[in-house]
Every structure is written in structure tokens, then in C-alpha cells.
Amino acid sequence: VNQLDTLEAKSVHILREAYRSLGNVCMLWSIGKDSTVLLHLARKAFFGHVPIPLVHIDTAYKMPEMIEYRDRLALEWHLNLVVGQNRTALEEKATFPDGNVDRIACCRNLKTLALKHTLSGEWTRQRMDHTLGRLVDDEDHTPYTGVIVGVRADEEGSRSKERYFSPRDVENDWNVDDQPPELWRYFKTDFEPGTHVRVHPLLDWTELNVWEYIERESIPVTSLYFDDGTGTRCRSLGCWPCTSPVQSTATNVPEIIEELRTGKFSNIAERSGRAQDKDDGGGLESLRRGGYM
Amino acid sequence: MRPPDDTSTAAAAPSRPAPAPSSRPPQSDPPSAVSAFDLERLDIVAVGHVDHGKSTVIGRLMADTGSLPDGKLDAVRAMCATNARPFEYAFLLDALKNEQAQGITIDTARCFFNTANRHYIIHDAPGHVEFLKNMITGASRAQAALLVIDAHEGVKENSKRHGYILSMLGIRQISVLVNKMDLLGWDEASYAAIVEEYADFLGRLGVHPQSFIPVSARDGDNIVERALSAPWYDGPTVLEQVEDFQRLDDDLERPFRMPLQDVYKFTAAGDERRIFVGTVETGRVRPGDDVVFLPSGKRSTVSTIEALSGPRPDEAFAGQATGLTLETQVYAKPGELMVRADEAGPLMATRLRANVFWMNSAPLVRGRRYVLRLGAARVPVELESVLSVLDEQELESVTGAGQVERHDVAEIVLRAIRPVAFDPADVLEPTSRFVIVHGWDTAGCGIVLEGLPDATDDTGAERRFAGGDVSPEERATRYGHAGRAVVFVGESDEAAGLAAAALERRLFDRGVHSYCLRVAALGDDKDVLGREAHLRRLGEIAWAMTDAGVVLVAALGDVDRFDLAELRALAAPHEVYVIGSGDAGDLDADLELPASLAADAAAERALDALAAAGVVPVAPG
């Protein structure tokens with residue numbers, strides 16, 4: 001039994017458990033490689049159906065290719081795509097690219113706050129209308145009580161301590177000192193009403209696992225991950241003002257796998273191109289405690 | 001196994017107190033061109049008493065195999081310099097700020113590292129007793145364990161507890177690292193004494209470590225490189241031992257067990273499949289195999305094994321999260337255990353003798369309802385008795401305890417309100433494992449040792465009320481019929497409810513003292529305690545109304561024969577007349593009706609049957 005099969009089985013089991021035991025659960029889709037692998041795993045878990053809404057937080061600074069790719073897959077795979085945005089912050093220009101706040105505050109505004117209020121249903125959500133083929137305002141304001149996220153333990157320190165099923169309180173606080181036990185396949189699925197639950201099916205995957213799985217399963221990813229002729233490519237996707245590419249001439253998935261296997265990036269953190277990490281004292285900890293994924 | 005790398009050992013660190021943070025080059029094998037497709041992954045847990053050096057072992061293992069980004073080591077060294085603290089490898093793992101402040105591992109952290117042969121995750125499990133639940137979380141993910149003991153301090157209570165817990169969790173591959181050997185001057189006799197003491201303890205638990213390794217994690221001796229100071233030791237280094245651990249995939253050759261996680265019927269795009277999903281714990285199953293769901297006993301034959309795309313697999317086997325369709329329509333419910341009819345079956349019992357480790361601050365006590373999770377099943381249970389509690393100091397069982405306290409390891413008897421399907425731990429470990437939920441929390445975990453015979457005492461309700469002096473016979477004479485509970489059961493709450501109301505009207509018109517009790521749906525197994533309380537109330541109402549001489553008509557949608565058995569027990573000595581519709585074959589119904597029957601027709605048929613059975617008077621004329 002090779003490790004991709006083992007990882008796939010565990011992730012599928014977790015997705016099914018989340019679908020069965022959590023009430024109104026959604027899945028976060030950042031359009032990046034990890035959450036797209038997660039989406040593919042959901043299609044496997046539910047045999048081609050995706051009975052879980054996919055929530056995308058649109059900061060308005062995502063690269064245009066990402067949005068085009070998102071809408072194309074949503075239509076092709078009949079996904080229940082839900083989009084949230086911090087419209088107020090964008091109107092008030094409370095963003096880093098506008099020069100009014102620092103990177104950390106910008107992340108809080110456009111991602112963390114947008115996510116929080118999109119999940120709670122307080123802010124208007126948009127939903128893909130498959131008849132019209134475009135997003136429309138969603139009448140539904142039901143809060144999501146659980147969210148499935150594609151974070152991986154090898155990305156950085158705080159994520160290495162996550163549970164597969166992790167309760168957060170009303171303020172989205174993560175009490176890392178007192179996490180519930182998780183034994184064998186018995187995940188914590190009993191929660192006090194009002195608890196917000198995060199589910200992490202990809203915790204045990206590495207960056208290399210993700211790319212090898214993308215290759216094995218022929219999962220479509222955006223072209224931003226490949227060298228466009230400039231000798232650079234994105235290794236981790238974020239907003240364009242805060243994402244810098246890595247030096248790489250990989251133009252397809254096998255070449256990326258080769259890069260990772262031969263240790264080209266072994267001395268460079270995967271998120272090194274994400275400027276907000278550095279402004280957060282080298283880790284994502286303070287952002288994550290506030291609800292960043 | 002790799003041979004020791006003699007050339008690089010020459011560059012080894014001097015000695016305490018100046019550990020050499022990676023002045024040496026990384027010792028890892030050259031990067032592999034082998035695909036992870038072909039490489040397996042092994043999960044290893046590292047446990048040990050607080051301060052015995054477990055995090056240092058892992059930090060050293062990662063650094064000396066070149067598994068850390070260069071910058072990481074520099075950053076930690078810089079951090080130590082800034083804070084005027086001596087550098088320690090353990091800091092590498094202390095990723096979170098609050099953990100660094102306390103200097104102990106609080107939660108299990110995953111550390112990834114690769115060799116040419118395999119990929120690894122090491123779960124760094126905390127040693128502090130307060131965080132035992134986190135240690136167990138890490139350990140239950142692992143197939144092998146490194147147990148770290150401080151040579152200077154020797155075997156501690158926690159070392160014994162860890163040994164016991166690893167054994168209970170079913171981890172059969174254990175290596176004991178006797179750390180800080182440099183503090184004992186690498187004295188062979190002192191080392192032998194510790195090995196003897198701990199081997200003796202573990203032996204009494206039935207645990208036989210694969211190896212004992214004298215190490216100095218701080219200096220990197222016998223981690224990746226051989227310790228020059230211990231020429232008397234000719235066993236493996238830690239890395240060699242890790243590479244020698246096996247992935248245990250013998251589950252394939254054992255009987256098929258699949259806890260039924262869910263049943264899918266997605267109707268979008270004309271999908272007609274009814275797919276039974278779950279993760280196969282052991283064994284294998286193919287289309288054409290006869291299968292049984294337990295405890296319901298429903299049977300069918302596997303038709304297909306489903307997949308997202310491509311050709312359908314011809315087999316599902318241990319470790320896979322699969323989904324299959326059946327040749328006949330059976331209403332097996334999530335929570336049941338699916339097994340093959342042609343293989344040794346699991347056991348079923350309501351009373352279970354088990355080993356349990358308790359993690360909740362509220363003790364496990366008698367007279368309180370808990371939820372037992374075993375496989376996919378969730379069943380209300382109570383503690384019947386505590387047979388013994390283990391004393392880690394002496395490894396003696398202490399009897400006479402009335403309850404199980406936090407961090408106790410105990411042998412207990414649990415009593416479930418309905419049969420549980422399981423395998424004894426010495427027969428098939430995966431399906432012997434359970435957890436106990438108290439409130440919202442996973443409060444305990446354990447393994448079932450055996451099933452015990454049903455209790456002979458009345459497991460049903462303690463009777464909380466009784467009637468007066470008028471006897472049932474007097475009432476029957478006055479009313480022209482005896483009291484009776486009539487229950488419609490079937491897949492649809494709504495259809496059963498309509499039939500019940502229609503029957504009440506007909507009974508009333510015939511002069512029968514009748515009453516239709518509208519019962520809210522019992523709910524599913526997401527809230528088994530609520531469901532159980534609901535059923536109990538219904539049983540008590542059924543007893544009171546039938547004792548009053550009334551013909552009670554009720555409808556229950558999603559029930560099984562164990563629910564009905566409980567209902568009958570609660571209503572006793574009065575009888576319950578069960579009318580099943582559709583797939584009620586295993587419910588032992590008094591009357592079975594086709595599912596397609598409309599409410600009025602069903603009520604008509606029921607009325608005739610009740611009259612024929614003498615439950616109600618026949619129609620006049």
C-alpha cells in the first residue's frame with residue numbers, strides 16, 4: 001500500500017465523517033493546489049457529487065487566472081460555489097495595496113473578517129447560479145457551523161499541532177493548550193451548540209504528496225503554478241500584491257515534482273513567497289489565532 | 001539498515017556541555033529519485049517522561065538526517081542567542097510561542113522526515129501527565145514507538161504508564177531509548193540495570209521491545225551516528241531501528257469488517273445508486289460476496305464496488321475508504337458492522353468486559369449514561385462494575401474501586417442498552433477499539449476483551465408508578481376489550497402516522513376506548529441518549545395507557561427490533577401489537593402490510609387483523 005492511497009483513504013473518511021456528523025458544513029476553496037486536491041477528494045468521497053458548499057473568499061486582489069479557473073470548475077463539476085468578500089473594507093480602501101494599512105491588517109480585513117462574516121451569514125454571500133452561469137446574491141443567510149480546510153501540518157509550526165476535527169469558540173479562538181483527544185478513527189464529532197468546528201482532512205499530506213496526487217489523478221490546477229516563460233512561478237498562491245514567485249522553470253506537474261524530489265526547495269519554506277508571514281514574526285501564529293486558516 | 005557512517009563520526013561533537021549544533025554536514029542519504037507512489041509512509045510516536053529528552057531526540061534525528069531547512073536551525077540559534085539561552089535541539093520543535101515559554105511539549109506535533117527508503121511522520125507526544133490525552137492522540141496514529149527514558153533518573157511512573165498505554169493502544173513495535181548516557185559516563189553496568197528493570201516491567205504487560213538503545217541525544221550519539229564512547233554496544237542506532245520498523249499490513253488476511261459510516265443516495269443527475277460507505281478495517285470483499293449487517297442481522301450480496309471514475313474495482317480491502325452497492329434493497333443503518341457471511345463473524349453482546357483509559361476530569365461512575373462509540377456504532381452504555389484499577393507504581397491491580405478516575409487504567413464491565421457487534425482484542429484488534437463519550441467529550445478509550453452473558457436481572461425500567469385497585473380484567477369487562485398498544489412501524493414516519501390516525505378513527509367509531517398518540521420522530525444516532533430517553537418516555541406512556549384499558553395507537557418511523565424489544569419490555573405485562581410496512585421483515589411484526597398501501601386501506605387491514613386476533617371486538621352484525 002503506497003502512501004498516496006493511505007492518505008487518500010484517511011482524507012475521504014474524514015470528509016464523510018464531517019458530512020455525516022456536522023450540521024451545516026462548508027468547505028473552503030482558496031483555488032490553490034491544496035484545497036483543489038481537497039475538492040477532488042470530496043468528489044471521490046461522494047462519488048462525483050459534492051454535497052458540501054464550497055466557500056471562496058474573494059479579496060479582490062486574487063490573480064484573474066484564479067477567478068477564471070474557479071468559475072470554470074464550478075460550472076463543469078456542478079459545484080455549489082459560495083463567494084464572500086469584505087465589501088466595506090474595499091470601498092473604504094482599508095487595504096495594503098491602497099497604502100492605508102499594513103499587510104497583517106490587510107489580511108485581517110480581506111480574509112479573516114470576510115471569512116468570519118461569510119461563514120456566519122451576516123454579510124451577503126454570492127452563489128453560483130448554474131442556469132445563468134454567473135454569481136448572484138444569495139438569499140440564504142444560514143450560518144455554517146463547520147468548515148473543512150485544506151491546511152497541512154508540514155506547512156508551518158502551528159499547523160503541525162492541529163487536530164483533524166478542531167473546535168473553535170465563538171470568537172474563532174483556538175485553544176491549542178487544551179485540544180480534544182483524537183483516537184484511531186474516532187474524531188470528536190460531539191459539540192456543544194454554538195461551537196464552530198474546523199475539519200482538516202489534509203493534515204498528514206506534504207507538499208510533495210499533493211503534487212504527486214495531482215499528477216496521479218490528473219487534477220486541473222491553475223497555470224500560475226507553472227513557469228510562464230519568465231523563469232519564475234508561484235509556489236503558494238495568494239493576493240498578487242503580497243505573493244512573489246520562486247525561481248523555477250517548471251512548466252508542468254512532473255517538473256514540479258522533480259524539483260521537490262531533488263530538494264531544490266528543501267531550504268526554502270513553501271510559504272516564503274507570502275509576505276504577510278514575515279510580517280507576523282516569522283509564523284502565522286497571531287493571524288491564525290485570530291481565525292486565519 | 002544503513003551501516004554506520006564512520007568518516008563523519010570523526011567530526012562528531014566534543015562533549016557536554018557544549019553541544020555542537022550542526023557544525024557537521026547533514027548525514028542524510030542523497031535525495032531520492034524514487035516516487036512517493038512507491039514509497040510507504042510510517043507513523044512513529046515518540047513518548048517519554050517530561051525532561052527525559054524526547055524532543056531533543058527528534059530534533060537531533062531531523063537535523064542529522066538533513067531534514068530541516070537550513071534557515072530553521074539558524075533561526076532557532078539566533079532566537080536562543082537573543083534570549084541568552086543555551087541552544088537545544090528541542091527548541092526546533094517548539095513551534096508555538098506559548099510552548100517555548102513553558103519549555104514542555106503540550107500537544108502532539110507532527111515532524112516530517114524522509115530517508116531513501118521511506119517517508120516518516122514522527123509524532124512528538126508530550127510527556128507531562130497533564131497532557132496524557134495528547135500523548136494518546138499522537139500514539140494512536142502510530143505503528144511504532146520510541147520510548148525515551150532518562151538514564152540519570154531511571155524509570156519513572158510516567159515511563160511505566162506510557163509503556164502500558166502503548167500496549168493498550170496496540171502498538172507492537174517499541175524501541176526504548178536510554179537517553180543522557182553521557183551523564184553516566186556511558187557506564188555499561190548502569191545501562192544494563194535500567195534495561196533490566198524496564199524490560200521486566202514491560203514483559204509483565206506482554207510488551208517486548210524490539211531494542212534498547214543507549215543514546216545521548218544532545219550529543220547526537222547513537223542517533224544517526226554511532227557513539228564512540230560505547231564500544232560495548234553493538235545494537236542499532238536510532239535511525240537504523242526506525243528504518244527497521246515494519247508497516248503492519250496483515251489486516252488484509254483477516255476477516256472482513258467494515259463499520260457502516262453512511263448510506264448515500266444522491267439523486268442529482270439521475271443517480272439511482274444507493275451506496276453503503278465506510279473504511280474497511282480488516283479483510284477484503286468482492287462483488288458476489290454475501291454480507292451481513294450487525295447487530296440487525298440484515299443480509300444481502302455485494303453488487304458493485306463504486307468509484308469516482310474509471311472501471312469499477314473488483315475488490316475493496318483493509319485500509320480503503322470505499323463504497324458499495326447491494327443486490328437487494330436493505331435498510332441497513334449507519335453504525336452497523338458489515339461482515340462477510342462466509343467468514344468468522346464478530347461477537348454480539350450487551351455486557352462487555354473491557355480495558356479502559358479514562359481522560360476526563362469527571363470520573364467514570366455508575367448510574368450515568370455514556371455513549372459508547374465502537375466502529376461506526378453509537379450506543380448508550382452504563383458502567384456496571386469496576387473489576388480492577390491498575391497501580392502503575394507496582395503494576396498491581398487494585399480491586400474494590402467504585403469508579404475510574406482521570407488517568408486511571410482499569411478493567412471494567414460496561415452494559416449497553418442494545419447489543420454491540422465487536423471482536424475481542426486478542427482476536428481482531430481494530431474492531432475491539434472503542435471510545436466513551438461523556439457530554440460532548442471523548443472521555444475514555446479502550447479495547448473490548450470479551451462479551452459477557454446478558455444480565456438476568458430486569459434490565460428494563462425500574463417501575464416508577466403503579467395502578468390502583470381496579471384490575472385489568474374488570475376494565476376489560478366494562479370496556480369490552482383489554483388495553484393494548486398498537487404500533488405502526490415503517491421507513492416513513494409520515495405514512496405510519498397517517499395510518500395510525502386512520503385506525504384510531506375506526507376504533508373509536510366501533511366503540512373502542514382508543515387514543516392516537518402522535519410521537520415525534522425518534523431521531524437518528526447522532527443523539528443516541530436523546531433518542532433513548534424519547535423511546536423510554538413512549539414506553540412508559542404505553543404502559544400507563546394500556547394499564548388504563550385503552551387501545552393506544554402510535555406510529556414510529558425509523559425503529560429496529562432492539563427498539564421494539566425495549567418498548568415491549570417497558571409496556572409489560574401489557575402486550576404491544578406491531579404492524580410493519582415495507583421492509584419490516586426483521587422486526588417480527590404481528591402484521592405486515594405492503595409499503596404501497598394508503599393510510600385508509602392500511603387502517604382497514606389493521607382493524608380486521610386486530611379483530612381477528614381478538615384484540616378488539618368484531619364489527620356488530
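**Note on selected residues, a cavity and chain B**

1. His56(A) belongs to strand S2 of chain A, which spans residues 54-57. The model under review is a predicted one. With a relative accessibility of 1%, His56(A) counts as buried, because that class takes in residues under 20%. Setting aside residues up to four places away in sequence, His56(A) touches Trp29(A), Ser30(A), Ile31(A), Lys62(A), Ile67(A), Arg70(A), Leu81(A), Val82(A), Val83(A) and Gly84(A).

2. Gln126(A) sits in strand S4 of chain A, residues 126-129. Is Gln126(A) buried or partly exposed? Its relative accessibility is 22%, so Gln126(A) counts as partly exposed; the buried class requires a value under 20%.

3. The surroundings of Gln126(A) draw on separate parts of the sequence. Beyond its neighbours within four places in sequence, Gln126(A) is in contact with Leu81(A), Val82(A), Val83(A) and Arg87(A), and also with Leu135(A), Val136(A), Asp137(A) and Asp138(A). Leu81(A) stands 45 residues from Gln126(A) along the chain, and their C-alpha atoms are separated by 8.2 Å. With Asp137(A) there is a side-chain link as well: a polar contact of 3.4 Å joins the side chain of Gln126(A) to that of Asp137(A). Leu81(A), Val82(A) and Val83(A) are among the residues that Gln126(A) contacts, and they are also among those that His56(A) touches.

4. Five cavities of 30 Å³ or more are present in the structure. The second largest cavity holds about 120 Å³ of space.

5. Which residues lie nearest the centre of the second largest cavity? They are Arg103(A), Cys106(A), Cys107(A), Cys239(A) and Cys242(A), out of 16 lining residues. Helix H5 of chain A, residues 103-120, gives the largest share of this lining, with five residues. By residue class, the lining of the second largest cavity consists of nine nonpolar, four polar and three charged residues.

6. Chain B contains 13 helices and 27 strands. Of its 621 residues, 56% are buried. Where contacts in chain B join residues at least 6 apart in sequence, 73% of them link residues at least 24 apart.

7. Within chain B, helix H8 covers residues 238-244 and includes Gln241(B). Gln241(B) has a relative accessibility of 3% and therefore counts as buried, being under 20%. Which residue's side chain does Gln241(B) meet in a polar contact of 2.6 Å? The partner is Ser211(B). Apart from residues up to four places away in sequence, Gln241(B) touches Ser175(B), Gln210(B), Ser211(B), Ile213(B) and Pro236(B).

8. Across 174 residues of the chain, the C-alpha atoms of Leu239(B) and Thr65(B) are separated by 8.8 Å.

Definitions and conventions. Residues are numbered from 1 along each chain as its sequence is written. Chains are lettered from A and ligands numbered from 1 in the order in which they are written. This is a predicted model: local features need pLDDT of at least 70, side-chain atom pairs count only at pLDDT 80 or more; totals for chains, interfaces and linings use all residues. Side-chain values use heavy atoms; hydrogens and water are left out. On a 1 Å grid over the protein atoms alone, a cavity is a set of points where a 1.4 Å probe fits but cannot get out, and a pocket is an open set with protein on both sides within 12 Å along at least five of seven lines; lining residues have an atom within 4 Å of a point. Grid points are joined across faces, edges and corners, and a volume is the space filled by probe spheres set on the points. Helices (H or I, at least four residues) and strands (E, at least two) are DSSP runs, numbered from the N terminus. Ala, Val, Leu, Ile, Met, Phe, Trp, Tyr, Cys and Pro count as nonpolar, Asp, Glu, Lys and Arg as charged, and the others, Gly among them, as polar. Buried means under 20% relative accessible area, exposed over 50%, partly exposed in between (1.4 Å probe, protein chains only). Contact means heavy atoms within 4.5 Å. A polar contact is a pair of N or O atoms within 3.5 Å; within protein, one must be able to donate a hydrogen and the other to accept it, and residues adjacent in sequence count only if both atoms are side-chain atoms.
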